[in-house]
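Me: Please walk me through this structure one step at a time. I would like to start with how its parts get their names.

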Amino acid sequence: IVSYLISVRITREKRKQGVLHQAFFRGNMLVFGLAITNSIFDASQQAFYLVAMAPILLIQNIGMMLGISMFDDSEEKFSFMKAVRKSVLSPQIIAILIGVFFVKLHIPVPRMMINTMGDLSSIATPLCLILIGAGLKIDGLNHEERNLLIQSVIIKLLVLPVIAILIIFAMNLELVEAFVALLMFATPPSLTTCVIALQKKWDIHFASAMLFYTTCLSLFTLTL
């Protein structure tokens, strides 16, 4: 709701509203969250984070579908059950469930397979960012779009995390729980923001710029 209200408030252009809603609502918790968790928490706390990711991703996927329906110009009617079904069957949820299944049943996984999947996962995000950066044209944005970009980056990396911190203090959460809640707001937009923008014919150039700058600047804001 907050993401929607902010998106429609700061711009009236629907093609950018959809991009902003996706960027504000869904952070890249898998890549950034796992990296930070592995560096500051022990094994049991890391396990809690991984278990918490399944329902969080499910909620984010449903919210993503709702956001698409709000800003989609197509005549296809939104179906809540269809959104839930797509969310449950998303590759991220299936991968997490398979991982939990293997861990709980103590099924051994060949070291070669683990190493291969680890190498592929480590190169996925950098490769996407390189491709986005290669096609990024900041000079293609006019003065109004640049101002909107600056506002959006500040909201995503500073305003939303401050709101999250206030909520965390009010709820008196434990350290790991607070960390998970904070990352939901503080991490840069997911790479799916650009994918959805391309599919729905939203402003892909603005989406690429938003993803690029928030990802770069989050290296500093996340350490705060």
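Reply: Helices (DSSP runs of H or I, at least four residues) and strands (runs of E, at least two) are numbered from the N terminus. This is a predicted model, so local features need pLDDT of at least 70 and side-chain atom pairs pLDDT 80 or more, while totals for chains, interfaces and linings use all residues. Residues are numbered from 1 along each chain as its sequence is written, and side-chain values use heavy atoms, with hydrogens and water left out.

Me: How many helices are there in the protein?
Reply: Let's read along the sequence, where the pattern is α-α-α-α-α-α-α-α-α-α-α. There are zero strands in the protein, and the number of helices is 11.

Me: What percentage of the residues in the protein is buried?
Reply: Buried means under 20% relative accessible area, exposed over 50% and partly exposed in between, with a 1.4 Å probe and protein chains only. The protein has 224 residues, and the buried share of them is 38%.

Me: Is Gln22 buried or exposed?
Reply: Start with its place: Gln22 sits in helix α2. Along the sequence it is 18 residues from Tyr4, with 9.0 Å between the two C-alpha atoms. The relative accessibility of Gln22 is 2%, so this residue counts as buried.

Me: How far apart in space are Leu141 and Ala209, C-alpha to C-alpha?
Reply: Leu141 belongs to the loop between α7 and α8. With a relative accessible area of 5%, Leu141 is buried. In sequence, Leu141 and Ala209 are 68 residues apart, yet C-alpha to C-alpha the separation is 9.2 Å.

Me: Which helix does Ile167 lie in?
Reply: Ile167 counts as partly exposed, because its relative accessibility is 39%. Its C-alpha atom is 9.4 Å from that of Ala178, a residue 11 positions away along the chain. The helix that holds Ile167 spans residues 143-171, and its name is α8.

Me: How do the axes of α2 and α10 run, roughly parallel or roughly antiparallel?
Reply: Two packed helices are described by the angle between their axes and the distance between the axes. The axes of α2 (residues 14-25) and α10 (residues 192-199) come within 9 Å and cross at roughly 160 degrees. Axes are lines fitted to C-alpha atoms, for helices over the stretch in contact, with angles from 0 to 180 degrees between N-to-C directions; under 35 counts as roughly parallel, over 145 as roughly antiparallel, 65 to 115 as roughly perpendicular and the rest as oblique. The pair α2 and α10 is therefore roughly antiparallel.

Me: At roughly what angle do the axes of α1 and α8 cross?
Reply: Helix α1 covers residues 2-10, and its axis comes within 11 Å of that of α8. The two axes cross at an angle of roughly 155 degrees.

Me: What is the phi of His106?
Reply: Most residues other than glycine have a negative phi. His106 is placed in the loop between α6 and α7, and it counts as exposed because its relative accessible area is 69%. His106 is not a glycine, yet its phi is positive, at about 55 degrees.

Me: Where is Lys201 found?
Reply: Lys201 is a residue other than glycine with a positive phi, near 60 degrees. Its relative accessibility is 68%, so Lys201 counts as exposed. Helix α11 spans residues 204-221, and Lys201 is found in the loop between α10 and α11.

Me: Which residues lie nearest the centre of the largest pocket?
Reply: A pocket is an open set of points on a 1 Å grid over the protein atoms alone where a 1.4 Å probe fits, with protein on both sides within 12 Å along at least five of seven lines; lining residues have an atom within 4 Å of a point. The largest pocket is lined by 42 residues, and the elements giving two or more of them are α3 (29-40), α4 (43-71), α6 (91-104) and α7 (111-134). Nearest its centre lie Leu30, Leu34, Leu50, Ala95 and Ile96.
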